[in-house]
Each structure stands twice: as structure tokens, then as C-alpha cells.
Amino acid sequence: MTSPKHFLDLDRFSGQELHDILDIGTSLKQGESLNGESKPLAGKMLAMIFEKPSTRTRVSFEVGMRQLGGDAVVLEPSGTQLGRGETVADTARVLSRYVDAIMIRTTREDILLEMAEYATVPVINGLTDRTHPCQLMADVMTFEEHRGGIKDKVITWSGDGNNMATSWIHAATRFGFELRLACPEILNPPQDVLDWAEREGGKIVVTPDVEAAVDGADCIVTDTWVSMGDDDGTTRHNVLRGYQVDDRLMSLAKPDAIFMHCLPAHRGDEVTASVIDGPQSVIWDEAENRLHAQKGILYWCLAK
Ligand code: CP
Ligand code: NVA
């Protein structure tokens, strides 16, 4: 039996494969039919498991499945036997008998990997403590819509070296852009991810100096200072205060630089209202592109 086409993390794909998936999403966004089929996933069912809250991921996957002719069912672990200790492996095997793909947002990466190991249908990573690849697909799509090809451009991350930062490192390495991560040293991205990027030829700079990092950037991106599951909010606010994206920081980037944020945002913490609601911000396009990029992913995972 051939193994399912999982979408687990960007580091498992080549840049060309990722662009091919984005091209599917862009074609669908432009209203083109694929292989003459307007409902290419007719009859297909996606199960979505959420161990953490979600607005965008939940709605964009459900709407995306329906627009492609399929449907989706949501499982909250507290209402399933997973919440009472049924193993991930058994859940994966059972769900694979009912549905055509599984999207999981989970607290721990090993749960995602166990799901993928035992599922006989594609598994999609809807965010873990370590990565958020679907968001990065939407982010690259958004950047390229506004600023053209992302290869060799300069993106600056300001803030926590968290799950989004790790997926940005994967994306930079695979899509071939320069990524500068401005982080307080105690919140640097994981060293194993930086080592991987170096081995793979990624252009990654990590520095505590945010002003140097934004100099001449094509895009500044940030994320919440306290991710779901973090329990050290006060410390994080203290060490991240100097990493807020404000008008002065934006002015150090290129004049046509854009601002991105995966949302949800906290105005006055990681970004000022003047920036996130200002003319350089593309956050609503970015949120919309979750739908289009994920339709590309769903089609890639599921279409014949
Ligand atoms: N950006 C993102 O994944 O949003 P949700 O947590 O609302 O799904
Ligand atoms: N880093 C954030 C991303 C939310 C989409 C979190 O994990 O909470």
C-alpha cells in the first residue's frame, strides 16, 4: 500500500513542491477548475481534531472542504475517547475507516507524528507547539501577491522564537529567502531547527538586535508574545517589550515593506494598532489566504 500524502511540515517538501501546492490554491482562488472538475473533492470527508482553540484554521478548513465539494467533521478531544485516554494510534486507525483525511491541532508534536504513523489517510498539521505550516503557506502566498517572488527577499521576524518562527525557518530554507529573526536570547528558536537550516543551506540570521534585523527588510512579521500553552506570560512580556513592531521599526524597513501577523493579535503588545491597522499591513489578505492555500493542500492530499 502506498503511504498517504501527509502535510506535516514544510521541511519535508522541496521548494518546488510547495510552490506547486500554492499554485493549486491560487488557481482555485482565481476561480479556475482543476482538470475540468468544479468539485474535485466531492464525497470526501475531513476530520478535524482541536486540542487547542481556533478560529481561522477551523473555519477555513471546513469552508475549504465544502467549496471543493467535500465536508468536514470537528472533534473536540474533551468530547471524544481521546480525552479519556484512548491512544492516538487507535484513534488514527478508527478515523481512517470513516474519513478521507485528518487535520489535527495538537499540544505536542509527537501526537501529530503518531497520528501520521498510524493513519491510513493523509494527516495535516493544523499547528503544534513546534510548527504551523499551513499558516506559512498562506503567508508565502500573501507575500508573493503583494511583493512578487519571495526568493532572495528579506523577511524579518520580531519576537518569540516560537512555532511560527520555526515554520518561517523551514519556509526560508525551502523557498530561498533571507530570514532575520530578532529574538531575546532566552526565546531564540530551537537550536536543532537552526542547525537543520544551516545544513540545508538556509539564509537565517538570529540576533537580539531588532533594529539591525529590520534594516532594508521587505516584510516584518510578528506573533503573540504568549502562545497557547505558554504559562510564563509575565516573563515573556518583560523580555519581549523591546520587540514590539511600531511605526519607527517599520520606517527602518524598505518603504514598500509589508507587515504580516498570523493572528490573533494583541494591539499594544507585539504590534501597535497604527501598524497592524495601517497601510502596510496585509493581515486580512493573509487570513483570507488560509482558505486558498489550504484548498491547495487539501487538493494535493486528496485529489486522485
Ligand atoms: N492563525 C491561526 O492559526 O488562527 P487560529 O488559531 O484562529 O486558527
Ligand atoms: N504562536 C501562536 C500561533 C497562533 C496561531 C500559538 O501557538 O498560540
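Predicted model: local features only at pLDDT ≥ 70, side-chain atom pairs only at ≥ 80, totals over all residues.
The domain assignment divides the protein chain into domain 1, which comprises residues 10-132 together with 287-302, and domain 2, which spans residues 135-284. The C-alpha centres of domain 1 and domain 2 are separated by 25 Å, and the contact between the two draws on 27 residues from domain 1 and 23 residues from domain 2. On the side of domain 1 that touches domain 2, helix H1 (15-29) and helix H12 each contribute at least two residues, with H12 giving the most, namely seven residues. In terms of residue class, this side of domain 1 consists of ten nonpolar, ten polar and seven charged residues.

Helix H12, formed by residues 283-302, also packs with helix H5, formed by residues 133-147, at an angle of about 115° and with the two axes 8 Å apart. Since angles of 65 to 115 degrees count as roughly perpendicular, H5 and H12 are therefore described as roughly perpendicular to each other, and the crossing in which H5 passes H12 is right-handed. From H5, the residues that take part in the contact are Cys134, Met137, Ala138, Asp139, Met141, Thr142 and Glu145, and these meet Asp285, Glu286, Asn289, Arg290, His292, Ala293, Gln294 and Ile297 of H12. Sorted by class, the contact of H5 with H12 contains six nonpolar, four polar and five charged residues.

Two ligand shells were also examined.

Around ligand 2, the shell is made up of Leu127, His132, Asn162, Asn163, Met164, Asp223, Thr224, Ser227, Met228 and Cys262. By class, the shell of ligand 2 holds four nonpolar, five polar and one charged residues.

How values were computed: Residues numbered from 1 in each chain as written. Chains lettered and ligands numbered in written order. Axes fitted to C-alpha atoms, helices over the stretch in contact; angles between N-to-C directions. Helix = DSSP H or I, 4+ residues; strand = E, 2+ residues; numbered from the N terminus. Parallel < 35°, antiparallel > 145°, perpendicular 65-115°, else oblique. Left-handed = near helix turned anticlockwise from the far one by under 90°. Contact = placed C-beta atoms within 7 Å. Nonpolar A, V, L, I, M, F, W, Y, C, P; charged D, E, K, R; others polar. Near = placed C-beta within 6 Å. Domains from an automatic or database assignment.
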